Amino acid sequence: MKRIFLFCCFLFCFAIGEAQNLVPNWSFEDTLTNPTWTGFIPTDCALWQSPPPGPAAYDNDNGPVPGVASWYQVPHTGAAWALMYTNTSLYGNPNWREILQVQLIDTLQVGKRYCVSFFVSRYDYCNYACNNIGALLSSFPLANGNSILTLTPTINNDPFVNPLLSDTTWLEVSGSFVAAGNEQWIIIGNFNNDANSDTVFTGVAQMGADYSAYIIDDVSVTRCDDTVITTNDNLFVPNAFSPNGDGNNDVLFVRGQNIKELHFSVYDRWGEKVFETSSINEGWDGTFNGEKMESAVFAYYLTVTYNDGKTAEKKGNVSLVK
């Protein structure tokens, strides 16, 4: 019994000792459906939100828009990205904002310094670039994207040093801050109103595209004084799933690319193994011995071998939510 207890403590406390990215689904790889260009956040991308007047668009197939080969942008990593409008005043919608937001894995600790970053690239099928985009660490989510204009971002790109012009390269927007201790959400968007958001013509006029829009990828919030442990190829396990039969996030899958071999096991709080698989295409549906399990926190252990022979392991917790 003592050995089982220590084993459980090791699994459930691993994330405390390991520096981790507090942004779930940080590279948008975990999907609820299998969208191509027609996907949207939050209907097709797990955990992320994009309230009205959104939603922001979503792509996870790492390929051209169907039927329009010229609309194609490679993600910063993986196969997925999110796309949001940041200025549409020239399109007839003054101060109209789309945002991206997600609840963090854990509330930030008071007095601790956190490093925040995300990558951005201008959407190639828009006629204008916008000079501002940032992120706010907040204690609450937004119910309407336009209310971002009443808030001040925690970090923001410097429009004089890093103008948001390129549609072929990725710019990292980054910064650090000391947490108040109540921050639970990250909100990304253009926090400036149209009067304070300069737009620059890109030089190529697309019909019906008098707006600015940006692709977002690889969002990160970490303790600055920790050593960040990363794995190759976007190895990702969601921190929660809801096997309630509604067709959304019902099965817990491991996500990643170029994986040759995998072993994934899940344990209850007593150390009993409730699920294991050696296939990335097989996930846990929240049952054990044919019975549905109640809402609880479980521990997992994951090892993978990539096609190039490199290996990686990941341990952590996942919440089963009904």
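These notes cover the strands and cysteines of a predicted model.

1. Basis. The model is predicted, so local features need pLDDT of at least 70 and side-chain atom pairs count only at pLDDT 80 or more, while totals for chains, interfaces and linings use all residues. Residues are numbered from 1 along each chain as its sequence is written, and side-chain values use heavy atoms, with hydrogens and water left out.

2. The sheet of 6 strands. An open sheet has the strand order β1-β2-β3-β12-β5-β9, with antiparallel pairing. Its edge strands, β1 (39-40) and β9 (171-178), each pair on one side only. Strands here are DSSP runs of E with at least two residues, numbered from the N terminus, and two strands pair if DSSP finds at least two bridges between them. Strands of a sheet pair through backbone hydrogen bonds, either parallel or antiparallel.

3. Strand β3 (residues 81-87) and strand β12 (residues 212-223) run antiparallel and are joined by 5 bridges. Asn87 stands opposite Ser212 in β12.

4. Strand β7 (residues 134-138) pairs with β8 in the antiparallel sense over 2 bridges. Gly134 has Asn156 in β8 as its bridge partner.

5. The disulfide. A disulfide is a covalent bond between the sulfur atoms of two cysteines. The test applied is a pair of cysteine sulfur atoms within 2.5 Å, and by this rule the count comes to 1 disulfide. Cys115 is joined to Cys224, with 2.1 Å from S to S. The link of Cys115 and Cys224 is right-handed, with 130 degrees about the S-S bond. Cys115 lies in strand β5 (residues 113-122) and Cys224 in the loop between β12 and β13 (240-241), so the pair ties together parts that are 109 residues apart in sequence.

6. Exposure of the bonded pair. Cys115 is partly exposed, at a relative accessible area of 30%; Cys224 is partly exposed too, at 26%. The cut-offs are under 20% relative accessible area for buried and over 50% for exposed, with partly exposed in between (1.4 Å probe, protein chains only).

7. Two other cysteines. Cys130 is in no disulfide. Cys126 is buried, with a relative accessible area of 1%, and Cys130 is buried with a relative accessible area of 1%.

Notes
Helices (H or I, at least four residues) and strands (E, at least two) are DSSP runs, numbered from the N terminus.
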